Amino acid sequence: MSARGWYWPVGVVALLVGGAGANIGLMIVANRDPSFAVEPDYYRKAVEWDRAMAQEARNATLGWRVSARLEPADAGRARLVALVRDRAGAPVAGAAVAVEAFPSARARDIATFTLAPADGAGVYAVTLPRARPGLWELRLRVARGAEVFTRTLSRDLAAAR
């Protein structure tokens, strides 16, 4: 067998090693990038799609509305204020309000907070300790007794002046 016949197997091996090396390199770069994120526990969420749709139906039955705003505060913090109303527009008082909040630019930095009643008229608030300006995703859960209402909102946080 001539030496020329060994070039093609070496070429195939070089292509396979190069492809594997490129994939490993891309994986390393992606994991170092703080703006790259994968939805935590996405498989469980996909499996529980029917439960999520049932919760949406319960949300519609309750007819509650949640509005939220992000207000810049001092030292890189922000205040999240949520207003919860029932179908008739009356405040939903005495509820437990929780939020998963994260900036879209750093979706890996998900933080969970419990909002405290702010004035007893369906207003709940919490201070976010590390709040970068930009678009935020807020995944709210409001529970009062056996009633549970969920809503996902996107809100913009302006830079502090």
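Which residues of the largest nonpolar core touch the most other members? Keep that in mind while you look at the model, which is a predicted one.

Here is the answer. The core has 27 residues, and those that touch the most other members are Val 66, Leu 80, Val 99, Leu 115 and Val 142. Where does this core come from? Seven strands matter here: strand 1, strand 2, strand 3 (96-103), strand 4 (111-117), strand 5 (123-128), strand 6 (134-144) and strand 7 each give two or more residues to the core.

Now the strand pairing. Strand 1 covers residues 65-72, and strand 2 covers residues 78-85. These two run antiparallel, joined by 8 bridges. Pro 72 sits opposite Ala 78 of strand 2. The pair makes a hairpin, with 5 residues between the strands. Look at Ala 75 in that turn: its phi is positive, about 55°.

On to strand 3. What does strand 3 pair with over 8 bridges? That partner is strand 6, and the sense is antiparallel. Ala 96 stands opposite Ala 143 in strand 6. Strand 3 is also joined to strand 4, by 5 bridges, and again these strands run antiparallel. In that pairing, Val 97 faces Leu 115 of strand 4. We have met Leu 115 already, among the core residues that touch the most other members.

Last, helix 3. This helix has 14 residues, 49-62. At 1.5 Å a residue, helix 3 should span 20 Å, and its end C-alpha atoms are 20 Å apart, so the two agree.

Which residues of helix 3 are buried? They are Gln 55, Asn 59 and Leu 62. Viewed down the helix axis, the buried residues fall within an arc of 65°, so they line one face of helix 3. Strand 7, residues 147-157, is part of what covers them. Turn the helix around. The face away from the buried side carries exposed residues: Trp 49, Asp 50, Ala 60 and Thr 61.

One more detail at the end of helix 3. Gly 63 comes just after the helix, and its phi is positive, about 75°.

Technical notes. Residues are numbered from 1 along each chain as its sequence is written. This is a predicted model: local features need pLDDT of at least 70, side-chain atom pairs count only at pLDDT 80 or more; totals for chains, interfaces and linings use all residues. Side-chain values use heavy atoms; hydrogens and water are left out. Helices (H or I, at least four residues) and strands (E, at least two) are DSSP runs, numbered from the N terminus. The expected span of a helix is 1.5 Å times one less than its number of residues. Buried means under 20% relative accessible area, exposed over 50%, partly exposed in between (1.4 Å probe, protein chains only). The arc is that of the directions from the helix axis to the C-beta atoms. Contact means heavy atoms within 4.5 Å. Two strands pair if DSSP finds at least two bridges between them. A nonpolar core is a set of buried Ala, Val, Leu, Ile, Met, Phe, Trp, Tyr and Cys residues joined through side-chain atoms within 4.5 Å.
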